[in-house]
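Here is a short report on a protein model, written for a first reading. Look through the sequence and the structure, then read on.

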Amino acid sequence: MSQRHQPSACPSCEEPLESGDLFCGACGYDLSAVPPLPEDRPTVVMGSPVGGAAWPADPAGPGREQPFGDRPSGPPATGAPGTAGPASTAGAAAVRFDARAAEAGAGDFELPAPDPAARPAPAPGTAGEPWGPGTPVPPPAARPAPHAHVPEPQAGTGTPAAPAAPVEPPPAPVQPPPGAGGVPDPRAVEHTATPPAGARLCVACRAGHVDPDGYCENCGHAQPRERDHMEEELGAVAAVSDRGLRHHRNEDAFAVSSTALPDGSPAVVAIVCDGVSSATRPDEASAAAAAAANESLLAALPRGTHPQTAMHDAIVAASEAVNALAGDGDDGDAMEHDPHHHRNAPACTLVGAVVAGGLLVVGWVGDSRAYWVPDDRSGPPARLTEDDSWAAQMVAAGLMNEAEAYADERAHAITGWLGADAYELEPHTAAFKPDRPGVVVVCTDGLWNYAEGAPDMARVVPPDAARRPLHSAQVLVGHALDGGGHDNVTVAVLPFAVVPAGAGSA
């Protein structure tokens, strides 16, 4: 049985590929559309053959981090509008499997054999050219060097006689510049096509126009999406999101912002969301949740709302925004005819952090996380969130230790998410008051899968993270990509500065 050709590099951008890839991780090239290799039929006779660091993943610590400070009890859990069902418990909670598929192949083409009849004719000789019509042309090795003596041929033979005078070599024929004499420049014809208004050219062939689905109408190449790689930096917070090396699109989203409290002190916000891959339109769900949570916080904090209450309300607003997607567009039509269609409604996880008035407040639903990393690395780092996942439930129930639970194939099955099919919305919030400066790392599992424990995360966070948050976020995304990049990866770095005594709000 014939087997599909497995190339080692993308035929479009030469990015190295791995077995199973269906799309190029760098340019998005659709590898399934490439034809297989033809039979090996060399067209050029060769005389003789010519002889011709990823970062290591830190070991995950088996210990479980204890968050520092007290966790004030937050407002009571709020059910998501439009949902129904009993409250979830540790033994009977809804579980949603987030399928993370890995996708691979390519081909080659054959060059035509050179046509002997197509050889260029010798350049016309000069007045002193010794080679007349019908005279054999000497081999290339016998080509005279400049000012060499060239012998004249004897009468009636093809054998040259003694030289009579030095002869200059014939001048090379002059080629007209491209486009001169009515000859078009093929490069200009191919690459200077002007797309119509509102259209754009393909990044691969530079000739075809890109259709609304993001593919070239000429070569079929998938175009890079705007969300494949995103970066944003404000004065006191920065975030980076990347598609990773296996997924064909980025289903993560983030929002970073800053505002002022009623007393004029700053409040800085970072929101990170991870779309559930097994749900419909996960990229839209994460974007809607991040935007809604950010807008809610920016409206509540300047009014004097306590940051922990504001975070709880922001998660509720994000849930409502994701729920609205289930009744929008094609999903709404399907739900009218199939009451069970909502089980695959748009869904995402959310984690957020707010630094305001000397407090650090985090909120989350799902398995995206927040970590505390002090500037002085002699102090202990901490994980500030607890996953809504199968593994976390097994650990909480005492049925497995953390190492055993996260080694299980069911570890990343989430038990809490934002979406119309969530049985009950249970926002988690916690407030801390650190006694030393540091940074908060807010991230999706695309990062913490490669630095799971708090000590592991602290080792990969640059020492100058508080002064260079964007650089630190870029380094952390690079760490995930170097580790394999099997998922979308998004990280926000939020510095925390200790407020001097008597400054800021209580």
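## Aromatic pairs

The model holds two aromatic pairs. Rings of Phe, Tyr and Trp (its six-membered ring) pair if their centres lie within 6.5 Å; planes under 30 degrees apart count as stacked, over 60 as edge-to-face and the rest as tilted. Trp372 sits in strand β9 (residues 369–374) and Phe496 in strand β14 (residues 489–496), so the pair ties together parts 124 residues apart in sequence. Helices (H or I, at least four residues) and strands (E, at least two) are DSSP runs, numbered from the N terminus. Trp372 is buried at 3% relative accessibility, and Phe496 is buried at 4% relative accessible area. Buried means under 20% relative accessible area, exposed over 50%, partly exposed in between (1.4 Å probe, protein chains only).

Tyr406 and Trp448 also form an edge-to-face pair, with 6.3 Å centre to centre and 90° between the planes. Tyr406 is in helix α6 (residues 402–407) and Trp448 in helix α7 (residues 445–448), 42 residues apart. Both Tyr406 and Trp448 are buried.

## How the values were made

This is a predicted model: local features need pLDDT of at least 70, side-chain atom pairs count only at pLDDT 80 or more, and totals for chains, interfaces and linings use all residues. Residues are numbered from 1 along each chain as its sequence is written, and side-chain values use heavy atoms, with hydrogens and water left out.

## Nonpolar cores

A nonpolar core is a set of buried Ala, Val, Leu, Ile, Met, Phe, Trp, Tyr and Cys residues joined through side-chain atoms within 4.5 Å. The largest one has 34 residues. Val441, Leu447, Met457, Val461, Leu476 and Val491 have the most contacts inside it. Apart from this core lies another of 31 residues, among them Leu261, Leu325, Val365 and Ala431.

What does Leu476 touch, leaving aside its neighbours within four places in sequence? Its contacts (heavy atoms within 4.5 Å) are Val441, Leu447, Met457, Val460, Val461, Val491 and Val493. Val460 belongs to helix α8 (residues 454–460). Val460 is buried, at a relative accessible area of 10%.

Most residues other than glycine have a negative phi. Arg281 is not a glycine, yet its phi is positive, about 50°. Arg281 lies in the loop between β6 (266–275) and α2 (282–300).
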